[in-house]
Amino acid sequence: MLNSECGTLNRNNSPQRSKERKGKKENGTTESMEHTEGSTFSIQNSAFSNLVLGPAWGLLILGQFVKSCLSLATLPMFEKYQPEDFFDEMFAAPGEENVRPHYRELLKRYLTLSQEEFDQKRQGADLSFLRQGITFTVYNDDEGTERIFPFDLIPRIIPAAEWAHLERGLKQRITALNLFLKDIYTDQKILADKVIPESYVLSAKHYRPEFRGTKIPRDIYIHICGSDLIRDRNGQYLVLEDNGRCPSGVSYMLENRAAMKRAFPSFFARSNVRSIDEYSDALLKMLRYIAPGGRKNPTVVLLTPGVYNSAYFEHCFLARQMGVEIVEGRDLVVEDKKVFMRTIKGLEPVHVIYRRIDDDFLDPTVFRKDSMLGVPGLVSAYRAGNVALANSIGTGVADDKVMYYFVPRMIKYYLDQDPIIPNVETYLASEKKDYDFILDNLAKLVVKSANEAGGYGMLMGPWASKAEVEKFRGQIKENPRNFIAQPPISLSRRPGYRVPTCIWRGPYMPRYWTG
C-alpha cells in the first residue's frame, strides 16, 4: 500500500490572481519525501502549522501561507473577513454563520481566545522555531538568504472524503510514474507505441541513457516524491507538477505539528487528530526495504551536501529521527565497488544511501567533474548492485515539466485508467500550434522552464514587465523544448493570522509526498 505525505507551499497572491512563489533551491539538489506500507498519512508543510484529524472528525488540517492583510483591532478575528471571488476553504460566504461544516468546531475554539491568549500561543511557537534553528534558504532575494520558518496558528482543514480522493489520485500518479521510469530505462515500450514522442524523453535534461538496463532494487525508482497540488476557484484539486529527484520539506511538517500540539494540546486530544509521529520510522523502514539482496539490518546513511545547503536543518532532523548517520561525500569511500563510511573504528560498509544530492553532483568520475559533494566511484558500486540509492539515478526525467504534460497518458497506458486528479491545462512550446499560441499570449500566461524548481525560471505573464516578457520570448524561440505554459489559476484560500492585528488571506498549494 502506498501512503501519502501532504503539506503546503507558499504562493504569492495578487488582487486578481495568485502568483506562484520563488521557493527553496538546494545547491545541487531539489529535495525529498516518501512512503511505506502500513504507515499513516503524514502531512508535509513547507509553511506553517498542520494537523490531521482521525476518525472522530475524519479531517485533515494543515496550515498555509497567507497574504492580503485586513486589519482587525480585537478578536473575534473573522468578523471582517471577506472570501471575495475565490473558493474559500473556511467560509462559504461572508460571516461566521457561513463557516463550512468541517471548520465549525475549530472556529468555536478560536473564538474563545482573547487577543492576549492568541498572541501568547503564536509567540511561543515562533520562539520554539527560533531556538531550534528551523530555517530555510531563499536564494537571490534582497531580504536575505536564511529565514526562520513562518508559522500560522490558523490551520487548513481537508475533510476525510476529500483526502480519500486525493490519496487515490496520488497513488495512481506515483504508480504510473514509477512504471514509466522502469519502462524508459528498460524496454521503452511507451516510446515504441508512440504514446509519448521519443524525442521528448531522449532530449530530457535529466534522462540518463547510460543507466538503461541497470538493475534497480525492488524496481522502485521514485521512493520519495513530491506532487504539488492546487485548488482552483471552483474547488477542484489539480496537480501542478511532480518532483521526483530530491523533494524536501517534511521536517517542517513534523516540527509544525509539534508546535501546534504544544499550542492546543486539549484540542488535539479531543479531536482525535491523526498521528504523524511514525513518519521517520516509516521512512527508515522503506530505506531498509530496498537494501541490496534483501539484507537484514543494513547500514543506512543520509548523504547531505553539507551545512551550506538550504535544507541542512531537514537533513540533520531526519537523520536524528531515524537514528542513522548523516554523512558528506568526504565521509564515504568506494573500494572494490562497495561503499564504506569512515569512522573512528575504521571503515564500515554502507548498504543504503538516502541521498539529498542531485544526480549531477553524486559522482565526479561520472557526472560533473568539479563536484566536491559526491563520492568518487559511487556509480560503479550502484551499478554493481552493492548499494541502493533513494531516489534512484535518472528519476529527474519524470519531473521534467514537459513530461508532466504526458502523465495522464502514462496513467492510461500503464494502468488503463483515467487520471483521478487532473493536470493543469498545459501548452508545449515545442508543438507548432502551442508555440504560436504561447508567443501570441505571453503576457497572459505562466511560462515555466522544463527543469527548474521552486519558482525559478518562470514568467508570470500578467504581472511581468514588458522587458521580462520579451526576454522569455527570445528564450522560447531559441529553445522551445525547454518551455511549457499554463493559464494563471485563481487558487483557493482561507484565513490566516499575522501580527500585529491583521487577517491575511491567501492561496495554498499543498505538496503531497507519495511513494
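Among contacts in the chain (heavy atoms within 4.5 Å) between residues at least 6 apart in sequence, 74% join residues at least 24 apart. The chain has 515 residues, and 60% of them count as buried, where buried means under 20% relative accessible area, exposed over 50% and partly exposed in between, with a 1.4 Å probe and protein chains only.

The model is a predicted one, in which local features need pLDDT of at least 70 and side-chain atom pairs count only at pLDDT 80 or more, while totals for chains, interfaces and linings use all residues. Residues are numbered from 1 along each chain as its sequence is written, and side-chain values use heavy atoms, with hydrogens and water left out. The predictor's confidence in each residue, pLDDT, goes from 0 to 100; the chain averages 81, and 79% of the residues score at least 70. Over residues 1-75 pLDDT stays under 50, and the model has 388 contacts beyond four places in sequence for them. It also stays under 50 over residues 500-515, for which there are 127 such contacts beyond four places in sequence. Where pLDDT is low, the predicted coordinates should not be read in detail.

Strands pair if DSSP finds at least two bridges between them. Strand β11 (residues 300-303) runs parallel to β16 and is joined to it by 4 bridges, with Val301 opposite Ile353. Strand β17 (residues 388-390) is also parallel to β16, through 3 bridges, and Ala390 in β17 is the bridge partner of Tyr354. From β16 the chain crosses through helix α10 (residues 378-383) to β17 in a right-handed β-α-β crossover, meaning that, with the strands pointing away from the viewer, the path from the first strand over the helix to the second runs clockwise. The peptide bond from Ala390 to Asn391 is cis, with omega near -5 degrees, and Asn391 is in the loop between β17 and α11.

A nonpolar core is a set of buried Ala, Val, Leu, Ile, Met, Phe, Trp, Tyr and Cys residues joined through side-chain atoms within 4.5 Å. The largest one has 53 residues, of which Ile353 and Met410 touch the most other members. Elements that each supply at least two residues of this core include α3 (160-184), β11, β14 (338-343), α10 and α11 (401-415). Not counting residues up to four places away in sequence, Met410 touches Ala176, Leu177, Phe180, Ile190, Ile196, Met403 and Leu415. Another core, of 51 residues, lies apart from the largest one, and among its members are Ile134, Ala263, Val273 and Met322.

Ala263 is also one of the buried residues of helix α6. Of the 14 residues in α6, 11 are buried, so the helix is mostly covered. The end C-alpha atoms of α6 (residues 250-263) are 20 Å apart, which agrees with the 20 Å that its 14 residues should span at 1.5 Å a residue; the expected span is 1.5 Å times one less than the number of residues. Pro247 is in the loop between β10 (237-243) and α6, and is buried with a relative accessible area of 1%.

Strand β21 (483-486) is another strand with both faces covered: Phe483 and Ala485 on one side, and Ile484 and Gln486 on the other, are all buried. Its antiparallel partners include β18 (residues 427-428), paired over 2 bridges, and β19 (residues 446-449), joined by 4 bridges. Arg481, in the loop between α13 (466-478) and β21, counts as buried at 15% relative accessibility.

Two loop residues complete the picture. Gln188, between α3 and α4, has a positive phi of about 55 degrees although it is not a glycine, and counts as buried at 9% relative accessibility. Asp219 has a positive phi near 55 degrees and counts as partly exposed at 31% relative accessibility.
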